[in-house]
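Please open the model in your viewer and keep the selection tool at hand. We will go from one stop to the next, and at each stop you will be told what to select.

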Amino acid sequence: MYGNKGVGASAVVLGAALLMTGCSSSDDKGSGDAGAGITQQPKGADPFWVNPDGTAARQVVALEKDGKKAEADHIRRIAEQPVAEWISPENPEEQARGFTEGAEAADRTALLVLYNIPHRDCDQYSRGGAADGDAYRDFVDGVAKGIGDRAATVILEPDAVLHLVDGCTPDEFHEERYDLLKGAIAQLKGLKNTKVYLDAGNAGWGEPDQIHEPLKRAGIDQADGFSVNVSNYYSTDDSIAYGKRLSARIGDKHFVIDTSRNGNGPYTDGNPDERWCNPPGRALGETPTTKTADPLVDAYLWVKRPGESDGECKGGPKAGDWWPQYALKLAQG
């Protein structure tokens, strides 16, 4: 109920694109897509990889070809920032390898999201996930093999712990989910250059006292920290306040904030149960950076990919599909 999560692109297509664009490992600007001219952000403030062949970059090319320069310039605001790559269940090893190889070639860190926990999203727009625990373990194993020793930051299973707390995940699945999350953290943290942030909800759903023990049961002690506001719209200030209260309950763990669409804060009209789903009047938030307003905040990240639908609500396409009109409105702010 807290927002759609995107899916990863094909690593085969990605690999071909990278060969064509010739990503640089030495130039801080990097080498971008020849059509959209997308380059890397300065590494000192933003070490995460900009995919030069992302959906937004392709939209820029299409708009410029149609002579819609003003619209192309707006979408470029999305295309030029690093956004997370959501690993889909099909060929996870190949995807993880393609994204991390692309990032390594540009001397950057890949930002990945795993969103495939069994019984995902409580039968809502992003319902699904792995068929069972063994399928999920195979999925994580594939991702880990694909990452290898390359640099990656992984956001682990948005809403998975939260939905254990808010009552929408049936009790019979709780123990398995804790075990799967703990195992995923251990496996990913066993890699040489991978950081892991376990998702911990957002500033609007409840209080840290409701989730700090479940996070511990899920293995937060072994993770680098936790993520907040994934696919949501709560302000950065509110997210920092929420994260700091939670951090104090779990050993002063650091955290990251999804700022991709929180520029105007949360939507407060309409059906309260679907205010998170494609709300109108929203805007891009702070651009990704490791230069944040608080030492406990490791980064502002664009985890949710701006321009992708939250689900089939308010006229949107299915969850994860690119929605050009919504992308343009976000970029226009």
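The tour below begins with a sheet, goes on to helices beside it, and ends at a single residue.

This is a predicted model, in which local features need pLDDT of at least 70 and side-chain atom pairs count only at pLDDT 80 or more, while totals for chains, interfaces and linings use all residues. Residues are numbered from 1 along each chain as its sequence is written, and side-chain values use heavy atoms, with hydrogens and water left out.

Select the strands (DSSP runs of E, at least two residues, numbered from the N terminus). You will find 7 strands in an open sheet, ordered S1-S2-S3-S4-S5-S6-S7 with parallel pairing, where two strands pair if DSSP finds at least two bridges between them. Strand S1 (85–87) and strand S7 (297–301) are at the edges with a single partner strand each, so one side of each has no neighbour in the sheet. From one strand to the next, the twist averages 30°, an angle taken between N-to-C directions on a scale from 0 to 180 degrees, with axes that are lines fitted to C-alpha atoms, for helices over the stretch in contact.

Next, select residues 110–114 and 152–156, which are strands S2 and S3, running parallel and joined by 5 bridges. Here Leu-111 stands opposite Thr-153 in S3.

Contact means heavy atoms within 4.5 Å, and helices are DSSP runs of H or I with at least four residues.

Finally, select Asp-238, which lies in helix H9 (residues 236–249). Is Asp-238 buried, exposed or partly exposed? Its relative accessible area is 43%, so Asp-238 is partly exposed, a class between buried (under 20%) and exposed (over 50%), with a 1.4 Å probe and protein chains only.
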